[in-house]
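Here are my notes on this model, for your review.

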Amino acid sequence: MAKVIDGKAVAAEVIEQVTAASNALEAQTGARPGLAVVIVGDDPASHVYVSSKSRMAKQCGFKSVQHTLPLETTQAELEALVAQLNEDPQIHGILVQLPLPDHLAADPVIQSIRPEKDVDGLHIVNAGKLMTGDLEGGLISCTPAGAMLFVRQTHGEDLSGLNAVVIGRSNLFGKPMSALLLAANATVTTAHSRTKDLPGVCRNADILVAAVGRPRMVKPDWVKPGATVIDVGINRIDAPERGEGKTRLVGDVAFDECAEVAAVITPVPGGVGPMTIAMLMANTVTAAMRAHG
Ligand code: GUN
């Protein structure tokens with residue numbers, strides 16, 4: 001049986017370090033890290049995520065501001081709010097929750113965030129720094145940064161000689177994850193929906209990272225014996241066994257079966273999920289320390 005990574009425990013350690021750094025910054029400069037989270041519309045899942053981000057920011061000792069905008073918000077109104085937050089010296093991190101409602105274009109909003117405040121790591125300046133191997137100068141997207149922490153804890157800093165396969169090529173996860181693995185010297189394949197013989201490609205992976213949004217897609221015969229499997233999927237499926245109309249969360253990996261083949265595996269929930277919020281807090285304290293350094 002594979003070792004199951006406890007994402008909640010690792011996230012709690014990160015939060016402890018972030019809180020200590022936040023307290024130290026305040027003691028030295030009088031400034032507290034400030035995080036502004038912006039949400040437009042009333043998608044229930046997004047509201048749950050945003051509330052936990054705001055709550056965790058408070059728990060870390062940050063100034064935490066949540067802007068909840070109505071569904072009718074225009075592009076100009078949203079960009080005006082970002083412009084105001086860009087100028088606010090008490091705000092060091094700005095996060096605009098995605099997806100935005102259909103009538104709003106996400107990219108101009110994200111690119112209007114000052115790169116130093118882009119705690120999501122989605123601005124082209126931050127994406128470009130990561131792509132060119134500057135891991136210290138910018139801000140790195142939270143979920144890949146969290147997944148990478150698991151990889152480092154398992155394999156160390158240097159992944160020389162290891163094959164890594166990332167399934168998924170999004171700007172939010174797949175591309176930055178591949179860039180981080182490459183920067184750590186892994187031999188990286190970015191697979192996606194058009195990849196030929198995906199199971200065969202995955203079987204080659206010492207480190208297999210799945211971020212596709214398809215419940216339990218990765219089967220045990222896709223997994224190389226002894227591999228590290230990181231599951232980034234969060235899929236809500238019907239769970240009639242829990243009662244009528246009940247649902248539950250599963251990942252992109254068929255966990256029970258794959259755990260018999262892998263050496264290390266992350267669960268869903270309780271794996272990568274808690275790390276995303278922890279790394280958001282880490283990015284915010286980093287941004288604040290740079291602003292006041
Ligand atoms: N929606 C789902 N995940 C994320 C994330 O990491 N950042 C933002 N801004 N929106 C998201």
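1. The shell around the ligand takes at least three residues from each of domain 1 (29-118) and domain 2 (142-274). Those bounds come from an automatic or database domain assignment. The C-alpha centres of domain 1 and domain 2 are 28 Å apart.

2. A caution on the source. This is a predicted model, where local features need pLDDT of at least 70, side-chain atom pairs count only at pLDDT 80 or more, and totals for chains, interfaces and linings use all residues. Residues are numbered from 1 along each chain as its sequence is written.

3. Around the ligand sit Leu95, Val96, Gln97, Leu98, Asp120, Cys142, Thr143, Leu172 and Thr276 (near means a C-beta atom, placed from the backbone, within 6 Å). Strand E4 (93-96) and helix H6 (142-155) are the elements that give two or more residues to this shell. By class, the shell has five nonpolar, three polar and one charged residues.

4. The chain has 10 helices and 11 strands. These are DSSP runs: helices are H or I with at least four residues, strands are E with at least two, numbered from the N terminus.

5. Overall size agrees with a compact globule: for 293 residues the radius of gyration would be near 19 Å, and the chain has 19 Å. The radius is taken over C-alpha atoms, and the rule is 2.2 Å times the number of residues to the power 0.38. The C-alpha trace spans about 50 × 45 × 35 Å along its principal axes.

6. Of contacts between residues at least 6 apart in sequence, 68% join residues at least 24 apart. Contact means C-beta atoms, placed from the backbone, within 7 Å.

Key:
Two residues are in contact if their C-beta atoms, placed from the backbone, lie within 7 Å. Ala, Val, Leu, Ile, Met, Phe, Trp, Tyr, Cys and Pro count as nonpolar, Asp, Glu, Lys and Arg as charged, and the others, Gly among them, as polar.
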